[in-house]
Amino acid sequence: MAIAMTLNGKVHSFEAEADMPLLWAIRDLAGMTGTKYGCGKALCGACTVHVDGEPVRSCSFPLSAAAGKSVTTIEGISGDGSHPVQVAWRELNVAQCGYCQSGQIMSAVALLQKTPSPTDQDIDLAMSGNICRCGTYTRIRAAIHKAAGSAS
Amino acid sequence: MNNDFSNVSRISRRDFLRNTGLAGGGLIIAAHFAACSSDKTLAGGNFMPNVYVNLMENGDVEIVCHRSEMGQGVRTSLLQVIADEMEADWGRVTLLQATGDAKYGDQNTDGSTSIRKHFDLLRNAGAVTRQMLVNAAADAWGVPAAECRGLNHAVHHEASGKSLGYGELAGHAATMPVPEDVTFKSPEDYRYIGKPMDLIDGLAFTVGTAAYGIDTQLPDMLHASIERCPVVGGKLKSVDDSGARAVAGVVDVIQLGDGVSPPGFNPLGGVAVLASNTWAAQRGRAALKIEWDGGANASYNSPAYREAMEASAKSGGLQVLARGDVEAAFAGAAKTLEATYFAPMLSQAPMEPPAATAVINADGSCEVWACTQDPQTARDVVAGALGIEPAQVTINVTLLGGGFGRKSKPDFIAEAALLAKKTGKPVKVTWTREDDIRHGYFHAESCQYLRGAIDAQGNTTAWLQRTAFPSISATFGSTDGPSAGELGLGCVDNPYAIPNMTIEACKAEAHFRIGWLRSVCNVYHAFAANSFANELAHLAGRDPKDYLLELIGADRHVIPADSGATYTNYGQDLGEHPIDTARLKAVLEEAASMANWGRELPRGSGLGIAAHRSFLGYVATVAEVSVSEGGAVRIEELWTAIDAGTVVNPDRVRAQMEGAGIFGMSLTLHGEITGTNGAINQGNFDSYPVVRMNEAPTAITVHVMPSTARPGGVGETGVPPVAPAICNAIFAATGKRVRELPLRNVSLV
């Protein structure tokens with residue numbers, strides 16, 4: 001069946017099963033690979049995208065639930081990497097392997113949209129669904145503060 | 001070779017040719033100088049002085065990275081070394097990732113070897129390039145090369161004020177003989193080495209364009225998901241694939257046969273479902289009805305195995321190190337202590353699970369895109385699986401979404417190649433997280449039996465250690481004991497100045513594919529040694545840091561062979577990379593100082609310390625923990641000092657230590673793989689948890705010791721001290737001694 005949505009600002013229609021997770025539609029059907037698979041069970045956050053501005057784990061979010069909505073992936077955050085979160089990530093050289101960072105950035109962007117000056121506790125709450133096996137957490141925390149303009 | 005890099009090193013031409021694999025033959029000609037004073041006309045064209053550098057006419061430089069990037073920052077640091085010695089402008093340099101090919105030398109990215117084993121090779125590649133450009137300019141100008149200098153992408157002749165850009169010189173440099181000797185830059189002239197250069201992949205990482213093994217897309221590609229026998233060595237009894245074939249999008253179901261014994265790097269076999277997208281392949285696979293015969297390894301159950309391994313460690317084994325007379329020391333001791341430490345199996349669980357794409361071309365050759373730590377071995381294994389020559393296989397190395405040792409095994413790559421051959425189409429194999437955790441190459445579970453003696457003054461007089469763990473060697477052949485290489489990972493290289501010491505290696509059979517995980521055997525050896533040293537300190541009524549310094553003893557180079565031990569020193573010369581107790585004590589003192597060791601802490605809080613040399617680097621870590629009334633542990637803060645000798649990118653060294661802190665915390669708090677009837681009980685991050693943001697310490701402070709010593713390893717060096725530092729801190733906080741990991745199985749109430 002055809003399921004239409006706005007994907008990174010453009011109307012996109014998927015011809016797919018209604019229960020296909022949004023993750024695989026984005027990756028395999030739309031061919032946009034910035035959104036990552038990590039667990040398939042909403043446990044690791046590597047697949048985080050925004051649906052109408054809310055962060056969701058696309059590996060466990062059926063395609064049909066995104067119908068008619070606006071989906072934003074890492075590729076749609078700024079295009080050129082100029083979003084303050086992306087800039088802060090680079091300034092602090094947050095990434096190690098980089099694989100989870102798409103999801104980390106999507107969660108951080110969503111956090112700052114709601115909470116422009118988050119505390120460490122806010123960050124813990126918003127970011128604990130995103131696993132980084134390389135262990136970049138302390139830099140992620142610092143980068144979020146920096147992007148928020150609250151870095152010392 | 002001199003240990004001090006402040007002296008200029010000279011590399012012979014023979015070494016250069018050997019190191020780079022360049023063809024020799026008739027190029028040994030002394031540099032010659034043109035007789036005429038007018039400038040020559042420069043020839044155009046590219047300049048490829050070796051396999052790592054391609055200087056183009058327009059001045060752009062391509063530098064080849066022959067090592068795999070998995071988060072250690074090698075694509076940045078390798079570039080720093082070559083570009084620095086070449087005197088290249090950072091802004092003119094781009095990086096090409098090498099395919100798997102012996103012409104690049106050793107590409108196996110494990111053992112923390114990229115800098116420690118390749119620093120001189122990389123410097124040489126840059127220095128040869130610079131020297132040939134200098135020689136080209138000197139030839140063109142008719143002046144002695146010694147009067148010319150390569151500096152920031154140009155060659156300058158001070159006396160005449162002439163200069164030529166590297167691009168202008170490229171074609172002419174290509175006609176120059178390869179110099180017999182090259183002079184490395186002095187460290188004070190380094191432009192990039194030792195500087196915290198930004199990640200060259202930084203932009204790609206933040207905009208989603210970084211391409212990993214899982215991201216390959218080819219026209220007409222099929223996606224595969226494979227059901228494998230839950231027990232290593234088991235066989236397929238029957239399969240009903242009618243349900244799978246009925247799933248929309250499923251194209252084919254293919255039996256891959258059974259795994260082989262010993263498993264080695266070979267695929268595990270199983271039943272593959274191929275579909276037009278990943279989701280359909282996974283759904284189709286879930287609809288397979290399969291019966292397996294688990295075979296001999298179905299006898300494995302974790303509790304019974306642990307009991308047997310502990311019995312093995314307590315009863316003794318093959319003596320692999322002995323000095324003095326431990327029995328006499330125990331007989332004459334004021335106090336003795338014995339302890340048994342256990343650490344479970346672990347899974348590397350890189351965030352990107354194993355994934356590879358392969359296509360068979362019309363001429364029978366195979367092209368692969370994969371997240372591999374070891375592309376040359378991948379090439380050999382794929383060639384073997386397909387029955388073709390390695391030269392017919394191209395392994396394109398993608399970025400690795402973490403590796404930690406898992407991706408040094410190319411079994412998943414051979415799966416993709418076999419399915420591409422069977423289907424005649426490009427095939428991508430994507431392991432699910434459950435596949436990754438259930439069908440891995442596990443870090444061995446281990447048991448360490450320790451017995452120690454102290455005299456009336458509190459000095460440790462005897463140390464008996466018996467180590468038991470199933471060997472990685474069992475993955476490749478039949479063995480029930482540790483290899484010498486494994487015993488050299490934090491066991492027979494024990495640095496303590498204890499007069500009577502015996503170490504024994506005990507039997508333990510393997511029932512799974514045992515493999516490398518970041519820091520390998522150092523994880524459990526350092527846990528046991530640093531925990532037991534801490535126990536002895538408390539037995540002697542001494543401060544644990546002071547006691548550890550005394551155990552390490554006088555400044556000296558420890559020679560395991562003097563105590564009868566076989567020691568391989570991470571494949572490098574013990575003279576060039578000694579076990580230097582002064583360096584181990586220095587990081588210990590530094591970490592203690594950073595943490596303000598000895599300060600008063602509130603009730604329920606404590607500091608713990610541990611120090612360990614591994615991969616030729618020295619690391620000490622202090623952990624501050626708090627333990628709640630209910631027994632919940634929080635790691636508040638970590639302080640780490642590392643001496644890795646000369647470092648290329650201090651910010652990446654710090655990042656590796658920060659990451660090692662989290663990786664070490666994960667295995668301390670949560671990490672545990674167990675089996676029932678030979679099948680793994682865990683499957684995803686719910687049953688195999690790792691540290692998340694809410695558990696991350698407030699700060700991980702890292703100090704990189706300034707050093708001009710030869711480079712040591714970094715990537716794995718930081719993990720071993722973390723678990724014992726935390727457990728020693730828990731003792732300081734609660735008086736409860738932790739002798740088994742992970743902490744989630746230990747009651748601290």
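Predicted model: local features only at pLDDT ≥ 70, side-chain atom pairs only at ≥ 80, totals over all residues.
As for handedness, the crossing of the two helices is right-handed. On the helix 14 side of chain B, the contact is made by Ala526(B), Phe527(B), Asn530(B), Ser531(B) and Asn534(B). Helix 18 of chain B brings in Ala723(B), Pro724(B), Cys727(B), Asn728(B) and Phe731(B). Sorted by type, the residues of this contact come out as six nonpolar, four polar and no charged.

Next up is Leu450(B), which sits in strand 21 of chain B, residues 446–454. Is Leu450(B) buried or exposed? Leu450(B) has 23 C-beta neighbours inside 10 Å, so Leu450(B) counts as buried, the cut-off being 20 or more. Setting aside neighbours within four places in sequence, Leu450(B) is in contact with Glu338(B), Ala339(B), Leu464(B), Gln465(B), Ala528(B) and Phe532(B). Tyr104(B), on the other hand, is 346 residues away from Leu450(B) in sequence and 44 Å away in space, going from C-alpha to C-alpha.

Chain B also has a hairpin, built from strand 6 and strand 7 of chain B with two residues between them. In its turn, Asn152(B) has a positive phi of about 45°. Strand 6 of chain B (residues 148–151) and strand 7 of chain B (residues 154–157) run antiparallel and are joined by four bridges. Within this pairing, Arg149(B) has His156(B) of strand 7 of chain B as its bridge partner. The side chains along strand 6 of chain B alternate: Cys148(B) and Gly150(B) point to one face and are buried.

Chain A puts 45 residues into the contact, and chain B puts in 49 residues. On the chain B side, at least two residues each are supplied by helix 5 (202–207), helix 7 (278–286), helix 17 (650–669) and strand 31 (699–704) of chain B. Helix 17 of chain B gives the largest share of that side, with seven residues. By type, the side of chain B that touches chain A divides into 24 nonpolar, 16 polar and nine charged residues.

Terms used
Residues numbered from 1 in each chain as written. Chains lettered and ligands numbered in written order. Contact = placed C-beta atoms within 7 Å. Nonpolar A, V, L, I, M, F, W, Y, C, P; charged D, E, K, R; others polar. Buried ≥ 20, exposed ≤ 12 C-beta atoms within 10 Å, placed from the backbone. Pairing = 2+ DSSP bridges. Left-handed = near helix turned anticlockwise from the far one by under 90°.
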